[in-house]
Amino acid sequence: MNRIRDNIDLAIIATPIQTVPMILRACVQKKIHSALIVSDCRRIKGQDRKNIESEIAGIAYQGHMRLVGPNSLGLINQAAGLNVSYAATMPEPGKMAFVSQSGSIFTATLDMAFKEHFGFSYFINVGAMLDIDFGDLVDYLGNDPSVDSILLYIEELKNIRKFMSAARAVSLIKPIVVLRPGMHGKNRWSKKDFQSASYDAAFKRTGIISVGSIDELFDCAELMAKQTRPRGRNLVVINNGSAPGSKEIDVMAEYNMDHYSLSDETISRLDKVLPSYWSRKNPINLLSGAGAQDYVETVKVCLSDKSVNGILLTMAPQAGAAPSKVAAGLVDAVSGARIPIMASWYGGRDMAQGIILFNGAGIPTFRTPEKAIRAFSHLLDYQRNRERIIDIPAKLNQRLDFQQGAAQEIMARHRGKEFSRLTIPEVRDLLEAYGIPFVPTRLAHDPEEAMAVAHAMGYPVAMKLFSRSM
């Protein structure tokens, strides 16, 4: 360390975890500003691990250093040409940042980016987050002009309040997509599922797009990296078969997307360029044998309709049609389009060349049309969530009277417990302490009392079990 000059920005530490405190002290003496700790502390268990993590965090805090890690697979900063990660090569340049708590998701997403040709400005694996966490990074990336959107894989949040504050501010100007394991679990009464429900509600309130699988995360990533964000719900689907069109309508309904009906003017214009047997509705079914000219003319008409907010190009392999030739013609036709363009050349061998052409032209490709519609709907969710954030509640015509003492007394009974659930009467008392109306609720101790209470309250009534474990 004596031969290392002063004013170094970043130290990368990849030695056994037991040696990290000694190295950090030397870094502090050299006034190194920050450190990336690759060293793995997971092989140490119990109190020994807590002790060494506490020592590392303490040294950094006292020495005014910022830390990423331990257990980090590294980071990539495209603008700085910096790759201090396990990745052998840099991802393609882009304006999307990806932050992952999982090493395997970190490497898998990077590999997917190479395959699908979408780029990133930052690629960061946070590791154990002894210092720098998701809240810090969202705040930083939100202020970086080289970032247009942020993807997060979160297993846990160390400082929820800091994260929510940063996310709420940043999501007003940049979409944030989060995948958190357990967000869509089925065990409604488990501790993990209650936590997930809380996260999900908080994410929506801060404008975050919450996805339920790695598959969805990848799909959102590709769409955001390659296309502009949709400004409305009107998605037009173009295909060469009737069965996929019916399924696509069902999927739109599943994701609360309005089924856009083509305008009379657009139908009239399509009648002039398409065979008489086309479907004359959305999805636009060109039927089997549709060639490049049919697809290209259809796209041109749809792009000229200002009411259309997105186009999904789909094709299944059929005799008489050349998927790669159709894709080549469409790449030219949609160049510079003002709305998102997506493609699903679903099939196998015969569709591969078309997919390559689309990816090379910056058009996101999806294995099925359903996946494309789902990704489009997630970006619509972002627009809706963003509108909720900036929506100003109506002014109340009465003075609010809060009983903070009563509310604090209720919460004091549960504070400090690892997992504690409020009973229904406690929920009622807590909400009413803050002036929030609650349905009339009474507690009965036996069937006879329950009947008497029901008669007194008036029917219909709902009866639920009173239990702290349910």
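This is a predicted model: local features need pLDDT of at least 70, side-chain atom pairs count only at pLDDT 80 or more; totals for chains, interfaces and linings use all residues.

Student: Which backbone oxygen lies 3.0 Å from a polar atom of the side chain of Thr 206?

Tutor: Leaving out residues up to four places away in sequence, Thr 206 touches Met 164, Ala 167, Arg 168, Ser 171 and Ile 389. The oxygen at 3.0 Å from the polar side-chain atom belongs to the backbone of Phe 203.

Tutor: Now turn to Asn 125; which backbone nitrogen does its side chain reach at 2.7 Å?

Student: Asn 125 is found in strand S7, which covers residues 120-125, and with a relative accessible area of 1% this residue is buried. Beyond its neighbours within four places in sequence, Asn 125 is in contact with residues including Val 68, Asn 71, Ser 72, Leu 73, Gly 74 and Phe 106. One of these contacts has the nitrogen in question, since the side chain of Asn 125 reaches, at 2.7 Å, the backbone nitrogen of Leu 73.

Student: Is Leu 400 buried, partly exposed or exposed?

Tutor: Leu 400 is placed in the loop between helix H13 (369-390) and helix H14 (404-412). Buried means under 20% relative accessible area and exposed means over 50%, with partly exposed in between. Because the relative accessible area of Leu 400 is 45%, the residue is partly exposed.

Tutor: How much accessible area do Leu 400, Phe 402, Tyr 434 and Ile 436 have together?

Student: These four residues form a nonpolar patch on the surface of the protein. Taken together, their accessible area comes to about 350 Å².

Student: To finish with the whole protein, what share of its residues counts as buried?

Tutor: The secondary structure comes to 16 helices and 14 strands, and the C-alpha atoms fill a box of roughly 85 × 75 × 40 Å along the principal axes. The protein exposes about 24800 Å², of which carbon and sulfur atoms supply 52%. Of its 470 residues, the share that counts as buried is 46%.

Conventions: Residues are numbered from 1 along each chain as its sequence is written. Side-chain values use heavy atoms; hydrogens and water are left out. Patches are made of residues with over 30% relative accessible area and no salt bridge: like charges are joined within 9 Å, nonpolar side chains (Val, Leu, Ile, Met, Phe, Trp, Tyr) within 5 Å. Accessible areas come from the Shrake-Rupley method with a 1.4 Å probe; for residues, only the protein chains shown count as cover. A salt bridge is a side-chain nitrogen of Lys or Arg within 4 Å of a carboxyl oxygen of Asp or Glu. Helices (H or I, at least four residues) and strands (E, at least two) are DSSP runs, numbered from the N terminus. Buried means under 20% relative accessible area, exposed over 50%, partly exposed in between (1.4 Å probe, protein chains only). A polar contact is a pair of N or O atoms within 3.5 Å; within protein, one must be able to donate a hydrogen and the other to accept it, and residues adjacent in sequence count only if both atoms are side-chain atoms. Contact means heavy atoms within 4.5 Å.
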